Amino acid sequence: MLSEFIDIIRLFIFRRKGPYLLYYHILGFVPRNLEIYEQACLHRSSSVKSEEGKWVNNERLEFLGDAILDAIVADILYNEFESKKEGFLTNTRSKIVQREMLNKIALQIGLDKLIVSSTRTHSHNSYIYGNAFEALIGAIYIDRGYDVCKKFIESRIIKPYIDLSQIARKEVNFKSKLIEWGQKNKVDITFELIESFLDHENNPVFQFQVLLAGLEGGIGIGYSKKESQQNAAQMALKKIKTDRDFASQVREAQAKISARSTNDPDNQEPQVTEILTLPSFQTRIVACEKE
């Protein structure tokens with residue numbers, strides 16, 4: 001409490017009051033290291049060279065913030081929904097940290113006004129704001145630590161903007177989102193059944209993998225084909241977002257597929273396929289692990 005009071009006093013003696021006040025309005029506290037917050041709002045299209053000669057932007061902070069945000073939201077949901085199982089908690093967290101939600105939050109708190117970018121952005125197809133929000137979380141973590149980060153998410157994000165009970169009931173169709181991505185980027189999407197079996201309570205379990213231009217994007221397990229495909233699609237979307245090398249490999253693989261099918265006029269459009277590589281149901285009993 002005393003340290004916060006001292007920070008506010010220091011705010012009035014800073015020469016550059018303007019930037020500090022802008023971040024104070026969003027964060028609810030005075031930044032101690034202003035540079036790290038300014039870096040969080042620096043898009044790679046406007047990268048600057050450091051004194052060491054390295055190009056600096058918000059991508060590293062975005063990587064860190066993504067992990068910290070996942071941990072904090074998991075922490076909050078774990079305590080908010082004490083009786084809920086892992087699947088519910090995982091799905092609810094996914095709804096909160098998805099790109100569209102983070103973009104919306106960044107706009108609501110006014111973060112878009114602080115972003116430095118030389119790229120034209122359009123809210124319907126750009127995640128520049130959501131990426132900057134994750135970078136901001138990374139900056140808070142470096143500047144103030146986990147507890148302040150969590151307090152910021154709870155008091156400045158969830159309380160005013162997110163109804164946890166409502167969002168927990170909301171359905172997110174990851175398969176549809178992946179298919180939309182495939183259509184937009186002209187990439188073939190294939191869902192393949194790896195295996196189906198019975199768990200220790202004789203419930204059917206399905207395991208699907210999703211292929212993007214023939215490359216594995218993710219594997220999902222669920223108690224229905226729909227659930228397992230949704231989980232696989234969710235993993236693929238996460239991989240596309242976090243692994244740029246993978247996204248490039250997918251586009252290169254698709255280019256080779258397209259080149260091979262140039263002479264086939266009936267095979268020009270990206271395909272969405274569901275392949276059952278095994279019989280409709282394979283009986284296998286999975287025993288419970290005993291301590």
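**Ground rules.** This is a predicted model, where local features need pLDDT of at least 70 and side-chain atom pairs count only at pLDDT 80 or more, while totals for chains, interfaces and linings use all residues. Residues are numbered from 1 along each chain as its sequence is written, and side-chain values use heavy atoms, with hydrogens and water left out.

**Cavity.** I found one cavity of 30 Å³ or more. The largest cavity has a volume of about 40 Å³. Its lining is L69, V73, I96, L102, I105, F133, I153, I157, I158 and I162. Two or more lining residues come from each of α4 (59-80), α6 (99-108) and α8 (146-161), and α8 gives the largest share, three residues. For the record, a cavity is a set of points on a 1 Å grid over the protein atoms alone where a 1.4 Å probe fits but cannot get out, and lining residues have an atom within 4 Å of a point. Points are joined across faces, edges and corners, and the volume is the space filled by probe spheres set on them.

**Whole chain.** I count 12 helices and six strands, taken as DSSP runs (helices H or I, at least four residues; strands E, at least two) numbered from the N terminus. Of the 291 residues, 42% are buried, meaning under 20% relative accessible area, with exposed over 50% and partly exposed in between (1.4 Å probe, protein chains only).

**Helix α7.** I checked the length of α7 (residues 128-144): its 17 residues should span 24 Å at 1.5 Å a residue, and the end C-alpha atoms are 24 Å apart, so the two agree. The expected span is 1.5 Å times one less than the number of residues. In α7, 15 of the 17 residues are buried. Just after α7, G145 takes a positive phi of about 95 degrees.

K186 isn't a glycine, yet has a positive phi of about 55 degrees. I place K186 in the loop between α10 (174-184) and β3 (189-198), exposed at 56% relative accessible area. A213, also not a glycine, has a positive phi of about 55 degrees. A213 sits in the loop between β4 (204-212) and β5 (215-222) and is buried at 7% relative accessibility.

Conventions: On a 1 Å grid over the protein atoms alone, a cavity is a set of points where a 1.4 Å probe fits but cannot get out, and a pocket is an open set with protein on both sides within 12 Å along at least five of seven lines; lining residues have an atom within 4 Å of a point.
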